[in-house]
Amino acid sequence: IQKLSRFYKLTLNHGLDFITLREEFDQLRLYLELQDSRFGNRISYSLHMPEELSDCVVLHMVLQPVVENAILHGILEQESQTGHIEIIAQAQDEQLRITIRDDGVGMDDVRLEALNQETDVSSTQSGEHGLGLKLVRQIVKAHGGTVRFRQAVPHGLEVFISIPTRNV
């Protein structure tokens with residue numbers, strides 16, 4: 001209950017659109033712990049953030065939908081329903097680059113190409129799958145960043161989010 005309470009407090013963020021990377025990673029950690037408990041301790045994760053990037057400002061709640069997608073449409077669609085999510089933050093050419101990698105089922109090439117080409121993915125898949133990723137891409141793009149998708153090796157999905165660096 002305490003984790004859930006803390007997660008919701010961070011989610012509300014006083015109505016602000018931006019948050020420090022440290023706070024965003026704290027929120028992701030809580031979210032992943034809650035989801036791991038929810039799904040019977042089958043989800044492991046690792047978060048990598050150099051201390052010098054902890055005060056960088058990021059869009060609030062942009063990473064969580066990507067992580068949620070990795071769990072629901074990657075890890076839990078595997079036969080074992082177990083998996084690992086790795087989130088890595090690094091500075092690169094005046095950009096903050098965040099990589100979210102899972103070892104789930106991945107994505108078929110048609111859907112992957114549609115996401116990377118910024119075309120409507122709804123015609124290439126059923127239901128609402130991909131909507132969260134599409135919205136994340138649009139929000140990041142509106143703030144001067146990019147989102148790219150790639151098959152992970154040996155399986156899974158990698159999402160690369162690059163945004164201009166901003167400090168508190």
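Which residue just after α4 takes a positive phi? Glutamate 118 does, with a phi of about 60°.

## Model and overall fold

This is a predicted model, in which local features need pLDDT of at least 70, side-chain atom pairs count only at pLDDT 80 or more, and totals for chains, interfaces and linings use all residues. Residues are numbered from 1 along each chain as its sequence is written, and side-chain values use heavy atoms, with hydrogens and water left out.

The secondary structure consists of five helices and seven strands, where helices (H or I, at least four residues) and strands (E, at least two) are DSSP runs numbered from the N terminus. Along the sequence the pattern is α-β-α-β-β-α-β-β-α-α-β-β. Of the contacts with a separation of 6 or more, 67% are between residues 24 or more positions apart; contact means heavy atoms within 4.5 Å.

## Surface and burial

The protein exposes about 9000 Å², 50% of it supplied by carbon and sulfur atoms. Accessible areas come from the Shrake-Rupley method with a 1.4 Å probe, and for residues only the protein chains shown count as cover. Of the 168 residues, 45% are buried; buried means under 20% relative accessible area, exposed over 50%, and partly exposed in between.

Leu131, Leu135 and Ile139 make a nonpolar surface patch of about 240 Å². Patches take residues with over 30% relative accessible area and no salt bridge, joining like charges within 9 Å and nonpolar side chains (Val, Leu, Ile, Met, Phe, Trp, Tyr) within 5 Å. Isoleucine 139 lies in helix α5 (residues 131–142) and is partly exposed at 41% relative accessible area.

Not counting residues up to four places away in sequence, isoleucine 161 touches, among others, Val62, Leu96, Val136 and Thr146.

In helix α4 (residues 109–116), Arg111, Leu112, Ala114, Leu115 and Asn116 are buried. Their cover includes α5, β6 (146–151) and β7 (157–164). The N-terminal end of α4 is capped by aspartate 108, which has a side-chain oxygen 3.1 Å from the backbone nitrogen of valine 110.

## Salt bridges

There are six salt bridges, each defined as a side-chain nitrogen of Lys or Arg within 4 Å of a carboxyl oxygen of Asp or Glu. Arginine 22 and glutamate 51 form one of them (3.3 Å, N to O). Arginine 22 is in helix α2 and glutamate 51 in the loop between β2 (43–48) and β3 (57–59), 29 residues apart. Arginine 22 also forms a salt bridge with aspartate 55, with the closest N and O atoms 3.2 Å apart. Aspartate 55 lies in the loop between β2 and β3 and arginine 22 in helix α2, so this pair ties together parts 33 residues apart in sequence. Arginine 22 is partly exposed at 32% relative accessibility, whereas glutamate 51 is exposed at 56%.

Glutamate 158 and arginine 101 form a salt bridge, their closest N and O atoms being 2.6 Å apart. Glutamate 158 is in strand β7 and arginine 101 in strand β5 (residues 95–102), 57 residues apart. Glutamate 158 is buried at 6% relative accessible area, while arginine 101 is partly exposed at 26%. Both belong to a salt-bridge network that links Glu86, Arg101, Arg150 and Glu158.

How values were computed: Buried < 20%, exposed > 50% of the residue type's maximum accessible area, 1.4 Å probe, protein only. Polar contact = N/O pair within 3.5 Å; in protein donor to acceptor, adjacent residues only side chain to side chain.
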